[in-house]
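Welcome! Here is a short briefing to read alongside the model, arranged by topic so that you can look up each residue as you go.

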Amino acid sequence: MGNYLGFKMKRQATLFMCVLSFGFVLGQVSYTIPEEMPKGSLIGNIAHDLGLQIKRLKEGKARIFTRNSDEYIELDKERGVLLVKERIDREVLCKQTTPCALHFQIILENPMEFYSITVQITDINDNSPTFEKNKIDFKISESAVIGAKFALERAADLDVGINDLKSYALKPTENFVLKLNNNPDGNKNVEMVLQKPLDREKQQQINLVLTATDGGVPQMSGTMLIVITVLDANDNSPVFTQQIYKATVTENSPIATVVATVKATDADEGTNSKITYSIRNTLDDVRKTFKINQENGQVTLIGNTDFEDSRSYEIHLLAMDEGGLTDSCKLIVEVQDTNDNIPEIQIMSKSTVISEDAIINTVVTMISIADKDSEKNGNVKCYIDENMPFILKSSASNFYSLVTDSELDRESNSVYNITVTCCDEGVPSLSSSVTLTLQISDVNDNTPVFEKNSYETYVVENNTPGLSIFTIKATDADWNQNARVSYILEDSSVNGVPVSSYVSVSADSGVIHAVRSFDYEQIKDFQFRVKAQDGGSPPLSINVTVKLLIQDQNDNPPQILYPVQTGGAMVAEMVPRSADVGYLVTKVVAVDVDSGQNAWLSYKLQKVTDRALFEVGLQNGEIRTIRQVTDKDAVKQKLTVIVEDNGQPSRSATVIVNVAVADSFPEVMSEFSDFVHDKEYNDNLTFYLVLALAVVSFLFITCLVVIISVKIYRLRQSRTLYHSSLPVIPYYPPRYSDTLGTGTLPHVYNYQVSRSTDSRMSDIKIGRADSQNVLMMDPGSTGTMQRIQSEKSILDEPDSPLEQKPPNNDWRFTQGQRPGPSGATGGPEVAMGTGPWPQPPTEAEQLQALMAAANEVSEATATLGPGTMGLSTRYSPQFTLQHVPDYRQNVYIPGSTATLTSNPQQQQATAQQATQQALPPPQASAQAEPPKAAQTPASKKKSTKKEKK
């Protein structure tokens, strides 16, 4: 192997590209390299030669595909080059075949592509010529004539071309010379020719050396020793009848099959004419396959002949007599092919899953087909089963692509078992097949489908909220997530109310639940829509209409329309004593808001004073007499009629019909004046009376507690005021109302006069002076009373936090209008709003006002006529208080230096305001006096009496 180090490697690359119609590229590149290159040696830059990027080799998962199991070439995807993977010996790989080449394909994916690569292996001079035997013996008669030929064994050189065997040399050359004869096949027969007669007596044995030399650089050679024994005279050599024999044998013929028979003759006699046959082939499989009978020259099979291994054999035969004379010939055996090899199917690349939306002509699998047979026996055609959405396309010689031929539908067929069958044209034909399993991946191309176009279901009214009403079901022909159906209640309204407040739909199961309890009397049926949506992307959906019918339940008792049952006056039907049999007394009219048989009513008498006198119609509710009325029949007849519906269970209602058997109305009144109500009515009346009494008692106790609390609170406030250091002004700001331009009272008094038909029940109440209720006489003297509700005075709530705000100009009087203790005005030197506080009225003036109020009360009581009840008045329209001093000009605001003007509009606004009173602010005094309690009318009276004394 080291003899080729000086060999100059020559590499040739040829690129051939063609674009096929079904979507992948087929290219062909050829390289030439010498044999015996070390591992890792560079063959060629395949990426550059194919015009591919290194990135494409990586992403396409480039790999080498070869039919042979031995891989001598490897692909470096990082560099995009082809490297030697295993040592390549051309003699082992191709023997004598030239040219010697490696054929393989480079496969790329996404998209699928493949390229054919051919690497030719050139021979180097790494094998020297060799002889099968290192030594050969000849027995030559001394009588051999000059020019006698002796065939020598040829040397064999495994190399080819210029490295093959080129020349022979024979030394020494005293008696023999070497002669080379060219054969038609290019080989040379080596013969040793006698050029000088032999003399056994001089030299009984001659040793010659035959040297075989090849044409390689460096030159290599092999030698063989020729030992010649000189015999006594045998002057005729054997002669074959033909120089070339031809025969045929069918491959796989049985052993011992006679292939051919060769024949040679010898003109000598005796033992010199006895010929022995032998095969001279060396370094090949001829001797393992054929043998020759040494005596008769019959060539037979001893091994198997395989057309695929060797299509012909060349057998070199030798005929030798006892004298050592020989002759040679050649037997060419042609091996006839038989169809003994099935087509070989190899998957180059395949996809196990394909989407159902794959376009037509999408490549699924690439297949390589090979048949070792020849001619028709090696012609292969492939096909697949019919009725499949796939076809086989022949992309190149013995290459097929399985592509889609029509649209795929996973819902029709989710898995395809595709059987590819390949048959040759031999007789009989041989075939092979391979089954490809292809999964169809799902695409969301199917809308959910409901079992029905619309649904109609029922639910009984008064159902429990959350009740499962009905289940709708939709199916989706897709798979997995695309077939997962969700149910959605679409927005709509029923009588203006969202349908979601009536029903709900389970998103997973499609179960419809009632959200509320239904009432047949309010709603009898309604419709809503449910959407079924799958989980695909984008999702597909379908709607269905569901009609929900409410079934009636006997949940309503009959309602009596006539006779009307009242809790007050009694109603009775009159039957004259002259009434005949079948006299229509009255008719009970009732209805039932239920429907169907739940509303079928029947009438029956439950209780009756005289059952033999009356009957009621079962269907129409008519009450008639069933016999003649007599004088013995009671005037008062009480009939209890029960009305039942036809539901399960039935419901009923009762009505009491009072019948008076009389001819005149006064007779009826005298009998029914003390008519006693039935026990049920009395029980109800008693219940309501007890309830009313409890409510009144509770209100009374509550009011009593409130009054006591208020009293205690005011008592505490008065004590606090008494012990405080604040000055107390025992004067209330006036609340007055105009009465035809007459005077005003300093305080407001309420009088409530109650009169009844019984004089002993009449009474009169005199309220407090600071009451919140004020009754005013209409200025037009019409006698109309108006009740004005005012807010609490600040004197009633002494703790109320009120801030003093600066007065406006409307609260100020002119200098002439400022009141004094006796109506005097201040001096001119006193500024507006800065003068001294006006003096409150004296006790004498207050007493006069109190006595005027008492006279007013007595006159008002005398003027009340009979029948006047609940009247609260201040004074009559004719009442005037001209003797009461007019204090409208003497109104002031405690705690402020401002005084009120006499503007009538301001006075009217002041009368409507509720909180205008406030305690006077504390004033600094050099001589502080103890505070005095506020004076009441009673205290005023006591002080007046003291003054009189």
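C422 counts as buried because its relative accessibility is 0%. In this predicted model, C422 is bonded to C382 in a disulfide, with the two sulfur atoms 2.1 Å apart. C382 also counts as buried, at 13% relative accessibility.

**Disulfides and other cysteines**

- C382 belongs to strand β28 (residues 380–384) and C422 to strand β31 (residues 415–424), so their bond ties together parts that are 40 residues apart in sequence.
- Another disulfide runs between C94 and C100, with an S to S distance of 1.7 Å.
- The link of C94 and C100 is right-handed too, with 65° about the S-S bond, and both C94 and C100 are buried.

**Aromatic pairs**

- How many aromatic pairs does the structure hold? There are 14 of them.
- One of these is the pair of F114 and F399, which is tilted, with 5.1 Å from centre to centre and 35° between the planes.
- This pair links distant parts of the chain: F114 is in strand β8 (residues 113–122) and F399 is in strand β30 (residues 399–404), 285 residues apart.
- F114 counts as buried at 1% relative accessibility, and F399 counts as buried at 7%.
- F240 and Y277 form an aromatic pair that is tilted as well, with 6.1 Å between the ring centres and 55° between the planes.
- F240 sits in strand β16 (residues 239–240) and Y277 in strand β20 (residues 275–279), so this pair ties together parts that are 37 residues apart in sequence.
- Are F240 and Y277 buried or exposed? Both of them are buried.

**An aromatic cluster, and charges over rings**

- Y502, F518, F526 and F528 come together in one aromatic cluster.
- Y502 has a charged neighbour as well: the charged end of R516 sits over the ring of Y502, 4.3 Å from the ring's centre.
- Over the ring of Y520 you will find the charged end of K524, 4.9 Å from the centre of that ring.

**A sheet of 3 strands**

- Look next at an open sheet of 3 strands, whose order is β46-β50-β49 and whose pairing is antiparallel.
- Which strands stand at the edges? They are β46 (584–587) and β49 (614–616); each has a single partner strand, so one side of each is left without a neighbour in the sheet.
- Neighbouring strands in this sheet are turned against each other by 20° on average, direction ignored.
- Strand β46 is joined to strand β50 (residues 622–625) by 3 bridges, and the two run antiparallel.
- For T586, the bridge partner in β50 is I623.

Note on methods
Residues are numbered from 1 along each chain as its sequence is written. This is a predicted model: local features need pLDDT of at least 70, side-chain atom pairs count only at pLDDT 80 or more; totals for chains, interfaces and linings use all residues. Side-chain values use heavy atoms; hydrogens and water are left out. Rings of Phe, Tyr and Trp (its six-membered ring) pair if their centres lie within 6.5 Å; planes under 30 degrees apart count as stacked, over 60 as edge-to-face and the rest as tilted. Helices (H or I, at least four residues) and strands (E, at least two) are DSSP runs, numbered from the N terminus. Buried means under 20% relative accessible area, exposed over 50%, partly exposed in between (1.4 Å probe, protein chains only). A charge sits over a ring if NZ of Lys or CZ of Arg is within 6 Å of the ring centre and within 35 degrees of the ring normal. Two strands pair if DSSP finds at least two bridges between them. Axes are lines fitted to C-alpha atoms, for helices over the stretch in contact, and angles run from 0 to 180 degrees between N-to-C directions. A disulfide is a pair of cysteine sulfur atoms within 2.5 Å.
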